[in-house]
Amino acid sequence: MARQTIEVRIKRQDSPTGATRWEEFSLPYQPSMNVISVLMEIRKNPFTKDGAKTTPVNWESSCLEEVCGSCTMLVNGKPRQSCTALIDSLGEGVVTLEPLTKFPVVRDLQVDRKPMFDSLKRVKAWIPIDGTYDLGVGPRLSQSEQEINYAFSRCMTCGCCMEVCPQYNDRSDFMGPAPLAQVRLFNSHPTGRMNAHERLEAIMGKGGLVDCGNAQNCVEVCPKEIPLTEAFGELGRQTTVFWLQTLLQK
Ligand code: SF4
Ligand code: SF4
Ligand code: FES
């Protein structure tokens, strides 16, 4: 018999410090829905499966094409983007939605990824430019350098890698895989290299590279297939060279 309904179970939390509860919803099946379109249907008619009126579910999204990372949540226990999580690909069982567990919950499925953005600031994950006027032609990059940098530039700060990293938790200072990978990117850019030593100092300190336990969960879950462990290897080389140079200068 053709599928009639979509059954959804959602972990709800009204405020950052509020208690959590589970609510179940049942919607008429429509082909080609994704998790976000299911959430939008629930928002139109916020009644639980038992017919109780509830509040519309809160979540965050923007691009709807797996570029911004903001819609990331646990879908059936796995961190992924809800905009590209197609209901038809999730099987016919109940779809379970929960917020990521490594970031503070704002409300329902929306989390605050600020800790990750703070770490990106700490490692200066940007290219400094002097004003916004035309600076002329920039330094040239070889094809192979462009390919490496492109891979790292695809990070959308979704937080999937942070979610599965056993070392990234509220008992540790570890900054996590995504900010480290951006050090790899900006240190290999000809202009970004000007601040390479500051970035290396940041990751040689507390909560930096040395706290990575090399479990490699991060690289397996990254939706952009960013070579995270390759980045950590290269950063290990860069920090060792920098440390030796510092020693020799003393
Ligand atoms: S490295 Fe991958 S998993 Fe981690 S935040 Fe970036 S895109 Fe997401
Ligand atoms: S290799 Fe393991 S410990 Fe290191 S960042 Fe990735 S998941 Fe975390
Ligand atoms: S809405 Fe941007 S990645 Fe899903």
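Threonine 101 lies in the loop that joins strand 5 to strand 6 (105-107). Here, strands are DSSP runs of E with at least two residues, helices are runs of H or I with at least four, and both are numbered from the N terminus. The model is predicted: local features need pLDDT of at least 70, side-chain atom pairs need pLDDT 80 or more, and totals for chains, interfaces and linings use all residues. Residues count from 1 along each chain as its sequence is written, chains are lettered from A and ligands numbered from 1 in written order, and side-chain values use heavy atoms, without hydrogens or water.

**The whole protein**

- The protein has eight helices and seven strands.
- Its C-alpha atoms fill a box of roughly 70 × 40 × 35 Å along the principal axes.
- Of the 250 residues, 42% are buried. Buried means a relative accessible area under 20%, exposed means over 50%, and partly exposed lies in between, using a 1.4 Å probe and protein chains only.

- Threonine 101 counts as exposed because its relative accessible area is 55%.
- Threonine 101 and tyrosine 133 are 32 residues apart along the chain, and their C-alpha atoms are separated by 42 Å.
- Lysine 102 is found in the loop between strand 5 and strand 6 too. Its relative accessibility is 23%, so lysine 102 is partly exposed.
- From lysine 102 to phenylalanine 186 there are 84 residues along the chain and 25 Å between C-alpha atoms.

**Two buried residues**

- Threonine 96 is part of strand 5. Its relative accessibility is 15%, so threonine 96 is buried.
- Glutamate 163 is 67 residues from threonine 96 in sequence and 17 Å from it in space, C-alpha to C-alpha.
- Cysteine 83 sits in the loop between strand 4 (78-81) and strand 5 (95-98). Cysteine 83 is buried because its relative accessibility is 6%.
- Cysteine 83 and serine 61 are 22 residues apart in sequence, with 7.8 Å between their C-alpha atoms.

**Two positive phi angles**

- Serine 32 has a phi near 65°, a positive value in a residue other than glycine.
- The place of serine 32 is the loop between strand 2 (20-28) and helix 1 (35-44). Serine 32 is exposed because its relative accessible area is 62%.
- Glutamate 225 has a phi near 50°, which is positive in a residue other than glycine.
- Glutamate 225 belongs to the loop between helix 7 (217-221) and helix 8. Its relative accessibility is 68%, so glutamate 225 is exposed.

**Helix 8**

- Helix 8 covers residues 228-249, which makes 22 residues.
- The distance from its first C-alpha to its last is 31 Å, close to the 32 Å expected at 1.5 Å a residue. That expected span is 1.5 Å times one less than the number of residues.
- Its buried residues are Leu228, Ala231, Phe232, Glu234, Leu235, Gln238, Thr239 and Phe242.

**Ligand 1**

- The residues around ligand 1 include Cys155, Met156, Thr157, Cys158, Gly159, Cys160 and Cys161. A residue is near a molecule if one of its heavy atoms lies within 4 Å of it.
- Also around ligand 1 are Ala178, Cys222, Pro223, Ile226 and Leu228. Leu228 is one of the buried residues of helix 8.
- The shell around ligand 1 has 10 nonpolar residues, two polar and no charged. Ala, Val, Leu, Ile, Met, Phe, Trp, Tyr, Cys and Pro count as nonpolar, Asp, Glu, Lys and Arg as charged, and the others, Gly among them, as polar.

**Ligand 2**

- Ligand 2 is surrounded by 13 residues.
- The closest are Cys165, Cys212, Ala215, Gln216 and Cys218.
- The shell around ligand 2 divides into eight nonpolar, five polar and no charged residues.
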